[in-house]
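This report goes with the sequence and the model shown here.

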Amino acid sequence: MLTVAEADDLLASHQLSLTTETVAFTEAPGRVLAETILADRDFPPFDRVAMDGIAIQYDALADGQTAFSILAIGRAGEPQQPLPDPTGCMEVMTGSVLPSGADTVIRYEDLSITDGIATLTIPAAEISRGLNVHKQGTDRRTFDVVLSAGVRLRPVDLAVVASVGQTSLSVRKRPRVAVVSTGDELVTIEQTPLPHQIRQSNAHLLWAALHEMGIDASIHHYPDDVATITSGLSALLSGHDVLVMTGGVSAGKADYVPDILAGLGIRKHFHKIEQRPGKPMWFGTSPDNQRVVFALPGNPVSTTLCFYRYVRPYLETAMGLPGEPPLYVQLAKPVTFAPPLTYFTPAHLTTSTEGTLLAEPLPGSGSADFTNLTAADAFLEFPATESNFPAGTVVQAWAIG
Ligand code: AMP
Ligand code: MG
């Protein structure tokens, strides 16, 4: 058996790396950018009027002038005009090009206008040269980087991409993922289970968790039958990059999955981690790392923990994301556990008035009581080196969606 840290290392050294594809702008939301986006021109591209008001030559004000004749109007979308006279002014609108010969904008709120004369209503000392002018290139210069590869494209990122005129962009391919459950006791959610049966839930958890990551997975289920599982997995391995399996990896009589995967040429990198829940987790890849299989224990809490603790971070890296920064929380209550295993417990998170994230471990967190998870925001990770964690201890947490 290996430790949690050893499992992390083995996952990192068998990383799947996905190639890129070009998608239209409209297909890009939520995808991971695979190219560097450069400014095609200065931002802003001209000295831009930042307030509705008048544009003046500051020297006139410095010479004691506080009233200015309005000589012209400049609107957004019009080419630059000259200020006709350095002692006069032009009415200018936000987003218009600052008139040549002008260098300062005074807002309407600081003026009174009568008979074509704009008179300052605030002390002249409050106006400085360049006021309310957004200078060309102060945001970015032509060829400056506006967005780097490795970001998941959010609306604000796409606004920047749009503003440089890029209609298609290079993004990381998404992994083709199949979710596979096994078990003779499982029926579909549409069926009414017999007394000895239960409805399938893990496959739906995994499908939804992948969906949240922008991955559109297919769902497959096989009974505990070696021939059926073997032919099913063999077909899935040819059309998918990643299989996320649930069930059939423990020590029971019907836990055939590890042997079947080995028979299909998937090399085991680990089976069993010193942790609770989720001890029987299995991970392997094809020899070229182009096919990756996670086989998670079927207990619903184990499947959930293993997905959020190992599979999600792995897939984020595969998709070119830098990985989320670790989440640390403070225990609101003491936690004690017996065996020398890394211990994970679901917790509800709240924020204290000091701005600290507080974790309330949930009761009844045995690996089978999975309806409790609806109250959980995260799993807390307790290192195997200790067994008593007083209230206030800071531990790492793994958010669950
Ligand atoms: P296994 O890992 O196959 O030994 O299953 C362990 C426990 O998890 C058993 O009680 C199973 O009935 C349950 N289980 C396995 N797969 C699923 C599933 N897809 N949905 C819900 N429960 C499951
Ligand atoms: Mg089973």
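**Basis.** This is a predicted model, in which local features need pLDDT of at least 70 and side-chain atom pairs count only at pLDDT 80 or more, while totals for chains, interfaces and linings use all residues. Residues are numbered from 1 along each chain as its sequence is written, chains are lettered from A and ligands numbered from 1 in the order in which they are written, and side-chain values use heavy atoms, with hydrogens and water left out.

**Domains.** Domain bounds come from an automatic or database domain assignment. The assignment gives domain 1 (4-18 + 174-318), domain 2 (21-43 + 139-172), domain 3 (48-134) and domain 4 (327-399). Between the C-alpha centres of domain 2 and domain 3 the distance is 36 Å.

Helices (H or I, at least four residues) and strands (E, at least two) are DSSP runs, numbered from the N terminus. Two strands pair if DSSP finds at least two bridges between them. Six strands form an open sheet in the order 16-13-17-21-20-18, and the pairing is mixed. Strand 16 (218-222) and strand 18 (267-271) are at the edges with a single partner strand each, so one side of each has no neighbour in the sheet. On average, neighbouring strands of this sheet are turned by 20° against each other, direction ignored; the axes are lines fitted to C-alpha atoms, for helices over the stretch in contact, and angles run from 0 to 180 degrees between N-to-C directions. Within the sheet, strand 13 (residues 177-182) pairs with strand 17 (residues 242-246) in the parallel sense over five bridges. Val-180 is placed opposite Met-245 of strand 17.

**Helices on the sheet.** Contact means heavy atoms within 4.5 Å. Helix 1 (residues 4-12) lies across strand 18, strand 20 (282-285) and strand 21 (292-296), and its direction is at about 160° to strand 18. Helix 7 (residues 300-318) lies across strand 17, strand 20 and strand 21, at about 165° to strand 21.

Which residues of helix 1 are buried? They are Val-4, Ala-7 and Leu-11, where buried means under 20% relative accessible area, exposed over 50% and partly exposed in between (1.4 Å probe, protein chains only). Seen down the axis of helix 1, these buried residues fall within an arc of 60°, so they line one face of the helix; the arc is that of the directions from the helix axis to the C-beta atoms. An α-helix has 3.6 residues a turn, so residues three or four places apart point the same way. On the face of helix 1 turned away from the buried side are the exposed residues Asp-9 and Ala-12.

**Nonpolar cores.** A nonpolar core is a set of buried Ala, Val, Leu, Ile, Met, Phe, Trp, Tyr and Cys residues joined through side-chain atoms within 4.5 Å. The largest one has 44 residues, and Phe-294, Leu-296, Phe-307 and Tyr-310 have the most contacts inside it. Two or more residues each come from helix 1, strand 13, helix 4 (202-212), strand 17, strand 21 and helix 7. Helix 7 contributes the most to this core, with 10 residues. Both domain 1 (4-18 + 174-318) and domain 4 (327-399) give residues to this core, so it lies between them.

Not counting residues up to four places away in sequence, the residues touched by Phe-294 include Leu-11, Val-242, Val-244, Met-245, Trp-282, Val-311 and Tyr-314. Another core, of 17 residues, lies apart from the largest one, and Ile-229, Leu-236, Val-257 and Ile-266 are among its members.

Strand 4 (residues 53-56) pairs with strand 6 (residues 89-92) in the antiparallel sense over three bridges, with Ile-54 opposite Glu-91. Strand 4 also runs antiparallel to strand 7 (residues 104-107), joined by four bridges, and Gly-53 is opposite Arg-107.

| Cis peptide bond | Omega | Loop holding the proline |
|---|---|---|
| Phe-43 to Pro-44 | about -10° | strand 2 (37-38) to strand 3 (48-49) |
| Arg-276 to Pro-277 | near -5° | strand 19 (275-276) to strand 20 |

Asp-115, which is not a glycine, has a positive phi near 50°. Asp-115 is in the loop between strand 8 (111-114) and strand 9 (117-120) and is exposed, with a relative accessible area of 77%. Asn-132 also has a positive phi, of about 60°, without being a glycine. The loop between strand 9 and strand 10 (133-134) holds Asn-132, which counts as buried at 19% relative accessibility.
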